[in-house]
Amino acid sequence: IMPSLVGSEMCIRDSDWIESELFKNEIIERNNLSKSLIGSSLRGVDSHGIRLLPHYIKCLEKGRIKVNPKMKYKKLMNSVGLVNADNGFGHSAAFIAAFNAIKLAKENGIGLVGVINSSHYGAAGAYSLEIAEKNFIGFCFTHSDAFAIPFNGIKKFHGTNPYSFSSPLKKRKPLLVDFSTTLIPWNKVERAKNNSIPFIYLPIKKLTREEYDEKAVSYTHLRA
């Protein structure tokens, strides 16, 4: 895995598209994207790692992610701040938020930074880990579109929202916990499809009351 990931990092740094107008004068954007994607793959979370690079390129080309955003950080209170991502890369916005949360925590004991007008930011663990590596306890979480049905439900309602926690450990690498609130993260499904990996799942459809009573257990318990 390592050689391909090193090659992927060079691809991010040196490829034509990233040196073009898509990333004009945006070294920070490029480095933050590389750090998040490659770091996630190296930690074994490839569902949110380098495999997403083509997806982000398409988002740039179609305008879903702004090419040269003007991200701004504003301190709202002694321990509270806000990053306006200007519809740029969520990865950069999250690292900016983590950096400022650390700064606030150094000054006040705790730092809380929110992010608005952002986009998909990869694996949440990348940012809580960044905080832990600076000797603070880090939490990171966000929301997504509705992909999952609630318990005993028949209609998607909840997002596959990630939660991450990381803490420094004495003479060891930081503890990192990073998980989705659903049994199966959406990008794990996408990775399986891309790699033609067999994936056992049950489709969700609208049921009558009788069908629901008979099949609810099957439809509400997804298994990977």
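## Two helices

The crossing of H4 and H5 is right-handed. This comes from a predicted model. Helix H4 spans residues 90-108. Helix H5 covers residues 125-132. The two pack at an angle of about 25 degrees. Their axes lie 9 Å apart. Angles under 35 degrees count as roughly parallel. H4 and H5 are therefore roughly parallel to each other.

## Where the helices meet

Which residues of H4 meet H5? They are His91, Ala94, Phe95, Ala98 and Ile102. On the H5 side, the contact is made by Ala126, Tyr127, Glu130 and Ile131. By type, the residues of this contact divide into seven nonpolar, one polar and one charged.

## The sheet

The model also holds an open sheet of three strands. Their order is E4-E7-E8, and the pairing is antiparallel. Strand E4 (138-141) and strand E8 (172-180) form the edges, and each pairs on one side only. Neighbouring strands of this sheet are turned by 10 degrees against each other on average, with direction ignored.

Strands of a sheet pair through backbone hydrogen bonds. Strand E7 takes in residues 162-169. Seven bridges join E7 and E8, in the antiparallel sense. Ser167 has its bridge partner in E8: Leu175.

## Helix on sheet

What does H5 touch in the sheet? Helix H5 packs on the sheet and touches E4, E7 and E8. The direction of H5 makes about 20 degrees with that of E7.

How values were computed:
Residues are numbered from 1 along each chain as its sequence is written. This is a predicted model: local features need pLDDT of at least 70, side-chain atom pairs count only at pLDDT 80 or more; totals for chains, interfaces and linings use all residues. Side-chain values use heavy atoms; hydrogens and water are left out. Two strands pair if DSSP finds at least two bridges between them. Helices (H or I, at least four residues) and strands (E, at least two) are DSSP runs, numbered from the N terminus. Axes are lines fitted to C-alpha atoms, for helices over the stretch in contact, and angles run from 0 to 180 degrees between N-to-C directions. Contact means heavy atoms within 4.5 Å. Angles under 35 degrees count as roughly parallel, over 145 as roughly antiparallel, 65 to 115 as roughly perpendicular and the rest as oblique. A crossing is left-handed if the near helix is turned anticlockwise from the far one by less than a right angle, and right-handed if clockwise. Ala, Val, Leu, Ile, Met, Phe, Trp, Tyr, Cys and Pro count as nonpolar, Asp, Glu, Lys and Arg as charged, and the others, Gly among them, as polar.
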